[in-house]
Amino acid sequence: MFTASKYLKIILVTDALIFLLCITGLISIEKKADVPFTVLTNDSYLIISKTDGTVNNIFPGDQLISVNGVYASSLEKIEFITDQLNVGDEIQITLSGKTGLKNVNVKLTYFYSDFYIIATTIVAFFFFIIGLFVLLKKIELKAALIFHWASISISAMLCLTWSNLNTFYFVSQYISRIILHIAYVSAPALFIHFTLAFPRDVSGRFKNPIRLNYIIASLLAVAGIYYYINAILSPSDLSIENYLRTFNIIRIYLIAAVVISITIFSIAIYNEKEVIQRKQLKWLLFGFVVGPFSFVLLWVIPIIFSGRALIPEEIVMFLICTVPITFSIAIIKYHLLDIDEIINRGIVYSIVVALFLSFYAFIIWISITSFKIADQSTVSAIAAIILVLIFQPVKSKVQKFVDRKFFRVRYDLKNELNKFNSAIHNFNDTESLSSFLINEIDKIIPVDKIAYCEFDHQQNKLIIKHHKNFDLIADKTLNLNPATLEKRRFAVAAIKNKVENEVEISSLYQNTLLRWKINVVIPIKSADDELYGFLLLGNKKSSSKYSIEDIDLLKSIGINTGTTIERIRLQEQVIREKLETERLEELNKQKSMFVSIVSHELKTPLTSIGIFTEFIKESEPSISEKTKNYLDIIEGETGRLTRLINNVLDFSKIERGVKEYSFRQTELNKIVKNTIELIKYQITIAGFKLQSEINENKFLICGDEDALTEAIENLISNSIRFSKDRKEIIIKTFEQNEFYCVSIKDYGIGIGQEELNSIFNQFYRSQSAIAKNIDGTGLGLPIVKHIVDAHKGKISVESKLNEGSTFTLCIPKLIKGDKDEQNFNY
Ligand code: ADP
């Protein structure tokens with residue numbers, strides 16, 4: 001990993017040396033000498049435009065030919081010469097005026113105003129501080145080191161600019177100017193590098209271009225230094241002009257670097273997805289555009305082309321100042337480079353108040369000087385009184401302003417909440433929801449640590465699900481006493497001095513919160529107060545207290561998250577239930593298959609038993625009456641068992657939806673008679689008296705004979721099974737409107753009125769049947785119903801408890817040529 005910490009000492013010593021050099025530079029700037037007149041460039045001639053009134057014999061419009069014998073081809077050339085002289089020195093200039101050529105001696109004056117020197121000092125100092133601060137705060141970050149050197153270079157550029165070369169003779173003559181040339185190329189080179197290392201470090205991909213950039217910068221620096229020393233040691237028209245040309249090339253490099261840096265930054269902003277980083281970058285870009293770009297556009301380029309800048313150097317100073325200012329804003333407001341707790345709020349208040357006071361003093365000064373007020377002490381007294389009156393309100397306004405603008409990324413509560421709500425709608429699992437939750441909150445209210453813990457209802461424990469920098473509690477589970485889990489207790493809890501006074505909080509658990517460095521606890525619960533978990537927050541990065549706004553927002557987030565978790569849990573439950581139903585259906589299918597296979601297997605031996613019993617009965621005339629009786633019993637029981645198995649098989653077919661019918665024209669009375677024949681044995685053996693009243697007419701129907709037989713058999717068999725003392729069965733067939741019907745009446749145990757609708761349900765057995773211990777499967781009647789429905793017929797039952805039941809089964813008549821006939825012919 002990259003680390004500058006190893007070299008920190010060397011870096012700091014270098015910084016200190018540069019700092020000292022900068023101070024000598026500032027002193028030399030103060031001593032910089034200038035000619036006592038203003039010159040304009042006009043078609044490569046230098047024309048006097050204004051004199052400062054101290055010189056004679058020089059008039060506006062005169063052309064400047066030479067200075068101290070050196071041909072005056074450009075302003076910078078004159079500057080190069082005057083830099084080697086001091087204020088008060090006399091120089092000889094040659095002019096061409098209306099009266100022809102003339103030589104004039106003039107005394108040099110001061111080049112820079114006091115204002116310019118103060119401005120340079122402040123701006124250079126600002127760059128120095130920011131560069132140092134970023135390095136010390138983020139020593140491990142490559143971008144921070146690059147930024148540091150770039151800032152220091154700019155400081156050096158500002159302080160070591162062209163100035164009096166005699167102030168500290170050797171230092172100003174050589175060392176300062178050598179460093180100036182290095183700074184002039186290293187600042188732009190480093191800025192290009194910085195834009196590739198921040199916010200995403202892509203410098204690895206651009207290793208060669210970066211290297212090339214530094215090589216070009218170094219060559220330019222070497223060339224600049226070489227021509228400078230050459231021009232100083234052997235000054236001549238040529239050597240000075242060579243130097244100035246080289247310096248202009250360095251300036252072109254500076255322009256190119258600024259354009260490249262701005263381009264790279266713009267691309268980075270365009271590609272950046274994260275809101276906060278985009279905002280950071282926008283501030284930096286703003287700084288670049290206002291500072292270096294306008295410096296290049298309004299100062300460097302005009303100098304190259306016309307020898308004169310478009311704006312005064314003082315304004316350039318202020319424009320350059322936007323770089324450290326916007327950088328500071330990006331750091332403080334958007335935690336650029338993740339530097340937290342940047343500057344104590346008090347310092348920011350003081351700076352802003354100081355700026356305000358300076359502005360106030362400036363206004364007073366302007367008014368005193370411009371209105372030429374004689375009695376200055378009265379004005380000062382009035383100004384002081386006004387100041388006393390307005391100081392307090394202004395101070396609190398400033399504090400509020402600073403708080404809002406810098407220490408809290410201002411949010412529109414409703415807006416943030418709406419955004420948050422629409423985002424959490426898309427979550428379908430609590431895992432990703434909780435991770436989103438802490439990231440999102442950290443974006444809205446940057447905090448040094450945050451965690452989401454879930455409440456485990458079974459174990460009464462709190463488990464940390466997701467966290468950022470909460471390593472202290474990351475692997476802890478907190479047991480909660482059930483008594484503390486009373487719903488009303490779940491208000492927002494917080495350490496008292498971490499929230500603003502007006503915020504309502506529960507002050508329970510202060511010690512626990514203090515111990516684990518948890519400043520605020522926000523409960524996450526459902527609409528009806530079921531606890532899902534808590535949100536735990538540490539310090540705000542701004543180191544300010546949590547405000548009412550913050551807590552309201554967090555509370556609403558808590559409620560909305562709770563509702564979402566509730567929804568997610570319901571969804572999960574529905575999915576679970578669906579899976580369970582599917583599993584049960586699958587199981588049911590398997591069971592049905594199993595029953596059907598087993599029943600089939602049972603049917604084959606039963607058929608053999610039936611056939612062989614009948615065979616013995618018919619083919620063995622010698623068998624005794626007793627044996628014949630036994631054989632009858634075997635035959636009867638086999639029939640009963642076969643019916644039971646048929647029921648089971650039929651039922652499983654119905655369940656699987658594979659029961660088929662083969663309809664054809666048939667006659668109901670015939671079917672009824674046959675069925676009675678089939679079941680006669682059972683009727684007799686059980687000692688029943690059967691009364692049958694079968695209609696003599698042909699009851700033509702379209703039906704499945706086997707299925708109808710099975711249905712009637714089931715009904716008769718039920719009558720036998722559910723009769724106790726009065727063993728009588730009456731079977732009738734009759735016509736009823738468009739139906740032919742068969743009714744089976746018994747005098748058995750009957751069915752309760754309230755159960756009449758249920759007996760056709762699968763596996764249903766009546767209360768009285770259960771009470772009287774009559775076995776059964778509850779399969780018969782559902783099968784009968786299925787058969788009747790398949791025939792488009794109907795089945796009804798009349799019954800009274802302990803008096804008996806009558807089941808009536810009706811099948812539609814078959815009328816020749818009727819459409820029903822066709823319908824049934826499938
Ligand atoms: P099972 O007879 O095997 O129990 P069914 O589906 O044939 O199954 O009958 C369902 C229930 O209806 C029976 O358990 C019984 O309680 C009632 N039931 C059916 N037929 C009669 C009847 N003739 N008399 C009294 N109860 C009856």
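User: Hi! What should I know about the model and its numbering before we start?

Analyst: Residues are numbered from 1 along each chain as its sequence is written, and side-chain values use heavy atoms, with hydrogens and water left out. The model is predicted, so local features need pLDDT of at least 70 and side-chain atom pairs count only at pLDDT 80 or more, while totals for chains, interfaces and linings use all residues.

User: Great. Which residues come nearest to the ligand?

Analyst: N718, R721, S766, T777 and L781 come nearest, out of the 22 residues around the ligand. A residue counts as near if one of its heavy atoms lies within 4 Å of the molecule or strand in question.

User: And how far is the N718 side chain from a ligand oxygen?

Analyst: An N or O atom in the side chain of N718 is 2.9 Å from an oxygen atom of the ligand.

User: Nice. Which side chains sit by a ligand nitrogen?

Analyst: D746 has a side-chain N or O atom 3.1 Å from a nitrogen atom of the ligand. For S805, a polar side-chain atom lies 3.4 Å from a ligand nitrogen.

User: Switching to helices: how do α19 and α21 pack?

Analyst: Helix α19 (residues 705–721) and helix α21 (residues 780–790) pack at about 145 degrees, with axes 9 Å apart. Axes are lines fitted to C-alpha atoms, for helices over the stretch in contact, and angles run from 0 to 180 degrees between N-to-C directions. Helices are DSSP runs of H or I with at least four residues, numbered from the N terminus.

User: Which residues of α19 and α21 meet?

Analyst: On the α19 side they are A707, L708, E710, A711, N714, L715 and N718, and on the α21 side G780, L781, I783, V784 and I787. Contact here means heavy atoms within 4.5 Å.

User: What about α17 and α21, at what angle do they cross?

Analyst: Helix α17 (residues 625–656) and α21 cross at roughly 55 degrees, and their axes come within 10 Å. That makes α17 oblique to α21; angles under 35 degrees count as roughly parallel, over 145 as roughly antiparallel, 65 to 115 as roughly perpendicular and the rest as oblique. N647, D650, F651 and I654 of α17 make the contact with G780, I783 and H786 of α21.

User: Last one: how are α13 and α16 arranged?

Analyst: Helix α13 (residues 430–444) packs against helix α16 (residues 548–619) at about 165 degrees, with axes 11 Å apart. That makes α13 roughly antiparallel to α16. The α13 residues in the contact are T430, L433, L437, I441 and I444, and the α16 residues include L553, L554 and I557.

Conventions: Helices (H or I, at least four residues) and strands (E, at least two) are DSSP runs, numbered from the N terminus. A polar contact is a pair of N or O atoms within 3.5 Å; within protein, one must be able to donate a hydrogen and the other to accept it, and residues adjacent in sequence count only if both atoms are side-chain atoms.
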